[in-house]
Amino acid sequence: MGNQQEKSDSQKRGWLGVVVLLILLSCPWYWSAFGGAEDQWALPGWLLWSLGLALAIALITAWASLHRWHAGDNDD
Amino acid sequence: MTDLALGGGSLAFIGLYLLSLLGLGVWGKKKRLNNSLGDYYLAGRNLGLPVMLLTLFATQYSGNALFGFTGQAYRAGFSWIVIVHSMIVVVTGYLIFAPKLQRLAMRHRFVTPTDYIKFRFELPRLQHLISICLLLVLMNYTLAQLKVIGHVVEGLSGGRIDALWGVVTLALIMVVYSTLGGLRSVVWTDVLQGTMMLIGFILILAIIGGETGGFVDTLKELKTVAPEKTLPPTGPQAVTWLSTIVLIGIGASVYPQAIQRIYAAKSASVLQQSMVGMSLMPLFAVVVVLTLGYLAIVRYPGLQGSAADQVMALILRDTLAFGWQGVAIVTVMLAAILAALMSTADSALLSFSSIFAKDIYGSLIDPSSTEERLTRIGQRCAWLVLAAMVFISTREDVTLYRLFVLKFELLLQVAPAFYLGVTNGRIGGEAIYWGLIAGLMVAVVGWALGVMPLGLHPGTLGLAVNLFVIGILHMTRGINAPSAS
């Protein structure tokens, strides 16, 4: 039981860590370092990049809601 | 709101729609099993998946989303895309505390958000302070919806119906059906509203996209019309971006009415599957709303300040030019907009009445009250509060986004009680209480002064102070605090 709880806690920390990282990356203040990439697209490249990260956050959150749910059943 | 002056057929449709809401009130009353708080305020804790998903959707996407988000997209440009991330993060936030909270609510029969605080921290002054914060937030929320209702009705009638009478009539319909059926009626109005909104958005996007020669070309034109609105955030704007995600993502996850829907879920798996839908919803709903705001920059240049909140109305006005299809789309959209506003306001009102009845009246004024009596007190409270809000709604003059932000400034300070309470069994009530006091002081003073130090919203700064105080007190005195969790 203890190992299962530890595994579940570790999974929680894992997906939350990934989401936080993606949130930090989602604000492309660093975009100018890539210089002019937006001209190749109908929409600015930074916007597409940020929306792509939003999609990733949404998919990871959806996945976590399916997998994380019963983790921690014993913690209350 | 820009005058739309719809014809008799459209007004009849909207009238029928409003009557159907009263019908849902009567239906909800018939379905009531008893006069208990759980049955009235949580629909007997029996919400299934489709209803749960649509009511959560309707709760989070309100008049603010339709008018405030499009207006802010118009004002801020592409950098307001951060609202997509924020609305997704709301669901991420739910996942941190909602699963356990739902199990606890089912086991201990919680009705209000404060029931959890009482159970977890056993500190009456914390419980009461959180109740007051939530009541203030809910009043703000109701007020914001009523303000928009006034504008919509005035525009819808071409100025023939005064905003005040529009608000009074619709508020009356709202309070009648929510008094009759409680949450049962409210969630079914949410189902109607959510469905119509989704259909309306698809239709309006298609027709406007066709007329302007496609979104992509229009958005390309935006680079010429307003190039400053296409730039990525830099410096302090980047801080504000992250602050917005924290403010809305964490703040909206502790909406009292959303927490009560978590309590009302039929089972853990219903809530789980609803969260999957909710996490993907912003990629459609918010992106559509923002796209309308961006198209409007090209089509209606020069709108300043709160005038930008009229963008949705301008788009609807122009859609009327598309013959009977345009009229049909605008009619559906307006009915959906009214329903969005009303169902959001009634959710807030219902939540307000439950918190007042159970946590204020039942706790401080007459602790010996039966559940039947508390339910009746809550119903009366809803009528009184709505009357007061209708009165105030005709006198306030704040842009929608400012009202929207004020709500989150307060909610964000309450969030640690739920997040830390659920995830950390060792955090004591004293630490949460003093953290809340410190956070509220910073957030409210910052909001009143209208300052954003380092690009941070006052609420986010307040949360940082809040968590700092909690951390210090937890380490120095609260580490062995008793926990009911």
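Modeller: Across the interface of chain A and chain B, five residue pairs are in polar contact, with both residues at pLDDT 80 or more. A polar contact is a pair of N or O atoms within 3.5 Å; within protein, one must be able to donate a hydrogen and the other to accept it, and residues adjacent in sequence count only if both atoms are side-chain atoms. The model is predicted, so local features need pLDDT of at least 70 and side-chain atom pairs count only at 80 or more, while totals for chains, interfaces and linings use all residues. Residues are numbered from 1 along each chain as its sequence is written, chains are lettered from A and ligands numbered from 1 in the order written, and side-chain values use heavy atoms, without hydrogens and water.

Between chain A and chain B there are zero salt bridges, a salt bridge being a side-chain nitrogen of Lys or Arg within 4 Å of a carboxyl oxygen of Asp or Glu. On the side of chain A that touches chain B, helix 1 (2-26) and helix 2 (45-67) of chain A each supply at least two residues; helices are DSSP runs of H or I, at least four residues, numbered from the N terminus. Helix 2 of chain A gives the most to that side, with 14 residues. The residues on that side divide into 25 nonpolar, six polar and five charged. Here Ala, Val, Leu, Ile, Met, Phe, Trp, Tyr, Cys and Pro count as nonpolar, Asp, Glu, Lys and Arg as charged, and the others, Gly among them, as polar.

In total, 36 residues from chain A and 39 residues from chain B take part in the contact, where contact means heavy atoms within 4.5 Å. The area buried between the two chains is about 3,200 Å², and carbon and sulfur atoms give 73% of it. Buried area is the accessible area (1.4 Å probe) that two parts lose on being put together, summed over both.

Over all chains, the structure holds six salt bridges. One of them joins the side chains of B:Arg184 and B:Asp39 (2.8 Å, N to O). This pair links distant parts of the chain, with B:Arg184 in helix 9 and B:Asp39 in helix 2 (residues 37-41) of chain B, 145 residues apart.
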